Amino acid sequence: EYVIDPSKSNLFNYDEKNMAGYLSMQRDLGKQWSAKAGLRYEYSIINGYSPTSNQNNSSQYGRFFPSFYLTYKPNSNHTIGFNYSKRINRPNFRALNPFRWYTNPYSYSTGNPLLEPSFNHNLELSYLYKGKLSLTVYRHKLVNGYGRLTFVDSELLKVVDYRNYLSQYSSGFEASISHAFYPWWENREFISLNFTNSKTALSEVILKDGSSFYYSTYNNFTMTKSFSLFLNFWHSPPATQGSTYTRGRSALASGFRIAMDNNRLQLNVSADDIFKTATTKGQTYYQQYTQTFNNYYDARRVSLSLSYTFGKDKVKGNRKQVKFNETQRAN
């Protein structure tokens, strides 16, 4: 007979209500300048109950979120923009669930029902040329940042928990360019450079100033009307962010497409992380110890798809896209 053990059952009743109101204003300042400003207010009511631990937690908070955008467009080729915005990052549901996931008798992971959201203040200056070249310089401030940390408690158990512990300033530069070297070769390049300065009130964690760099290239080759192939590559050298040092990572992807019967029949073949180089390795630094990690989430895959289109080429219909951004937190 099946009998439920409440002490080992992951039951978590979570209720979150988010109410918001916003005001937005936009105006053209002559032929070349335009401005937009907005103010949003959010109020959240949160209740979480874990029958397993008989733990009930409630919280309420309200925040203002201003935004401002200024655009200068001297002609159709050049666009310069400046913007400021404040954003909220809410924890996912697993980060709030106090249930303990035991991986062995001496180690478990848990959530923190008292975890609070973090907030970002973003300043950006951008330049766009003919829709092909994009340059961005930014300054970001993270307030009340949260993440997973590892602790050793009084019973010498390794505990992985979520905490609000991080304040961070980030400065950086991003650039992307799209170009067709030949009619059969389309290319897009992207680079990102970031510098961070981090602080914490948590004495157990060691934070370091750090930097990171990222580069990617995307290439599409149209060999014939019915055959094309792509070759994509990205690389991230060793980097330090807050309390974590991460070794270099990269990935190569390639594939091809064959179209037949006036594009009705299409065959697509692609391979991701061909050389298995997207492994995350590094160390997280604490006052009493250093945690080493080696994670690989099996990004290596081969995909094959075959499709055939029946009927007329053009069919009238109503296409409506609905986005539920909050579903990203359901993990």
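Biologist: How do E8 and E9 pair, parallel or antiparallel?
Modeller: In this predicted model, strand E8, which covers residues 133-152, pairs with E9 in the antiparallel sense, and the pairing runs over 18 bridges.

Biologist: Which residue is the bridge partner of threonine 150 there?
Modeller: Threonine 150 has valine 160, a residue of E9, as its bridge partner.

Biologist: And how many residues sit between E8 and E9 in the hairpin?
Modeller: There are five residues between the two strands of that hairpin, and in the turn you will find leucine 156, whose phi is positive at about 60 degrees.

Biologist: What does E9 do with E10, then?
Modeller: E9 and E10 also pair, in the antiparallel sense and over 15 bridges, and they form a hairpin with two residues between them. As an example of this pairing, phenylalanine 173 has leucine 193 in E10 as its bridge partner.

Biologist: What about E6, in which sense does that strand pair with E9?
Modeller: Strand E6, residues 107-109, pairs with strand E9, residues 158-182, in the parallel sense over three bridges.

Biologist: Changing topic, which residues form the nonpolar patch on the surface?
Modeller: The patch is formed by Phe68, Ile80, Phe82, Leu123, Leu125, Val137, Phe173, Ile191, Leu193, Phe195 and Phe213, and together they have about 870 Å² of accessible area. The elements that give two or more residues to the patch are strand E4 (78-89), strand E7 (118-129) and strand E10 (185-199). E10 provides the largest share, with three residues.

Biologist: Take isoleucine 80: why does it count as partly exposed?
Modeller: Isoleucine 80, which lies in strand E4, is called partly exposed because its relative accessible area is 34%, and that label covers values between the 20% cut-off for buried and the 50% cut-off for exposed.

Biologist: One more topic: what volume does the largest pocket have?
Modeller: The largest pocket has a volume of about 690 Å³. It is lined by 25 residues, and the closest to its centre are Arg148, Gln291, Phe293, Asn295 and Tyr297.

Biologist: Which strands supply at least two residues of that lining?
Modeller: Those strands are E5 (101-104), E6, E8, E9, E14 (244-246), E17 (280-285) and E18 (290-295).

Biologist: And where does the largest share of the lining come from?
Modeller: E18 gives the largest share of the lining of the largest pocket, namely five residues.

Conventions
Residues numbered from 1 in each chain as written. Predicted model: local features only at pLDDT ≥ 70, side-chain atom pairs only at ≥ 80, totals over all residues. Heavy atoms only, no water. Patch = residues over 30% accessible without salt bridge, like charges linked within 9 Å, V, L, I, M, F, W, Y side chains within 5 Å. Areas by Shrake-Rupley, 256 points an atom, 1.4 Å probe, with all protein chains shown as cover. Salt bridge = Lys/Arg side-chain N within 4 Å of Asp/Glu carboxyl O. Helix = DSSP H or I, 4+ residues; strand = E, 2+ residues; numbered from the N terminus. Buried < 20%, exposed > 50% of the residue type's maximum accessible area, 1.4 Å probe, protein only. Pairing = 2+ DSSP bridges. 1 Å grid on protein atoms, 1.4 Å probe; cavity = no way out; pocket = protein on both sides within 12 Å on 5 of 7 lines; lining within 4 Å. Points joined across faces, edges and corners; volume = space filled by probe spheres on them.
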